[in-house]
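Subject: Structure handover

Hello,

Here is the structure we talked about passing on. Please look it over alongside the notes below.

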Amino acid sequence: MKNRRVFSAPSVAVAEAALHRAVAAGIDPAHAALVGRSEIEVEQVPDDEKEAAPTDFKPAALRGLVGGAGLGLVLGLVAMLVPAVGIHWAGVAVCTAIGGCVGMWAASLAGSAVPSEVRRDYRREIEAGEVLLVIEDPDDARLERATAAVLATAGVHRLQVLPHGLLQ
């Protein structure tokens, strides 16, 4: 599991300097992104430094797949226990697969309209015009080195990462 650090900078230039320090400290560039108001991102942030997924599409799809498959499995097993229905084990598998597909489709559709976790958690900072630097890495030591490098950039301060529940 990747650990996340979020930093706030007063401008894109300061955030980019901090981003380059994090990459120099060993953070994979694919695991570092700048997040800001839409007009700031469109006009000032290079595409390769933007957040990869500005919506909750993927996490919602995963939650929908798990929930839909679970519900399909339960309904298939219940249908198998009812003698009048006469469903076979293969029918339970079909119910599970269909439930997973429908759940994933519905949840991803809803998730595409929901802002990403970072945008939801730090809405106030983004609306205030600050530019956020988000870095993630599974190695705690490398993340700590990158954190120290980022905080050495003038004007950057660390924000508290909010905990989230199952299937974040």
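Two strands count as paired if DSSP finds at least two bridges between them. Helices (H or I, at least four residues) and strands (E, at least two) are DSSP runs, numbered from the N terminus.

A word on provenance. This is a predicted model: local features need pLDDT of at least 70, side-chain atom pairs count only at pLDDT 80 or more, and totals for chains, interfaces and linings use all residues. Residues are numbered from 1 along each chain as its sequence is written, and side-chain values use heavy atoms, with hydrogens and water left out.

The sheet

Four strands make an open sheet, ordered β2-β3-β1-β4, with antiparallel pairing. β2 and β4 (157-159) are the edge strands, each pairing on one side only. From one strand to the next the twist averages 30°.

Strand by strand:
- β2 and β3 are antiparallel and share four bridges. Ala 33 has Val 134 as its bridge partner in β3.
- β1 and β3 are antiparallel over seven bridges. Ser 8 has Leu 132 as its bridge partner in β3.
- β1 and β4 run antiparallel and are joined by three bridges. Val 6 has Leu 159 as its bridge partner in β4.

β1 is mostly covered, with five of its seven residues buried. Buried means under 20% relative accessible area, exposed over 50%, and partly exposed in between (1.4 Å probe, protein chains only). α7 lies across β1, β3 and β4 and runs at about 5° to β1. Axes here are lines fitted to C-alpha atoms, for helices over the stretch in contact, and angles run from 0 to 180 degrees between N-to-C directions.

The cores

A nonpolar core is a set of buried Ala, Val, Leu, Ile, Met, Phe, Trp, Tyr and Cys residues joined through side-chain atoms within 4.5 Å. The largest has 20 residues; Ile 27, Leu 133, Ile 135, Val 150 and Val 156 have the most contacts inside it. Two or more residues of this core come from each of β1 (3-9), α1 (12-24), β2 (32-35), β3 (131-137) and α7 (140-151). α1 gives the most, six residues.

Take Leu 133. Beyond its neighbours within four places in sequence, its contacts (heavy atoms within 4.5 Å) include Arg 5, Phe 7, Ala 18, Leu 34 and Val 150. There is also a second, separate core of eight residues, among them Val 6, Val 35, Tyr 122 and Val 134.

Helix α4

α4 (residues 89-111) has 23 residues, so at 1.5 Å a residue it should span 33 Å; its end C-alpha atoms are 32 Å apart, which agrees. The expected span is 1.5 Å times one less than the number of residues. Which residues of α4 are buried? They are Gly 91, Val 92, Gly 99, Gly 100, Gly 103, Ala 107, Ser 108 and Gly 111. Their cover includes α3 (57-81).

The whole chain

There are seven helices and four strands. From the N terminus on, they run β-α-β-α-α-α-α-α-β-α-β. Of the 168 residues, 38% count as buried. Among contacts with a separation of 6 or more, 78% are between residues 24 or more positions apart. The chain exposes about 9,500 Å², and carbon and sulfur atoms supply 65% of that. Accessible areas come from the Shrake-Rupley method with a 1.4 Å probe; for residues, only the protein chains shown count as cover.

Best wishes
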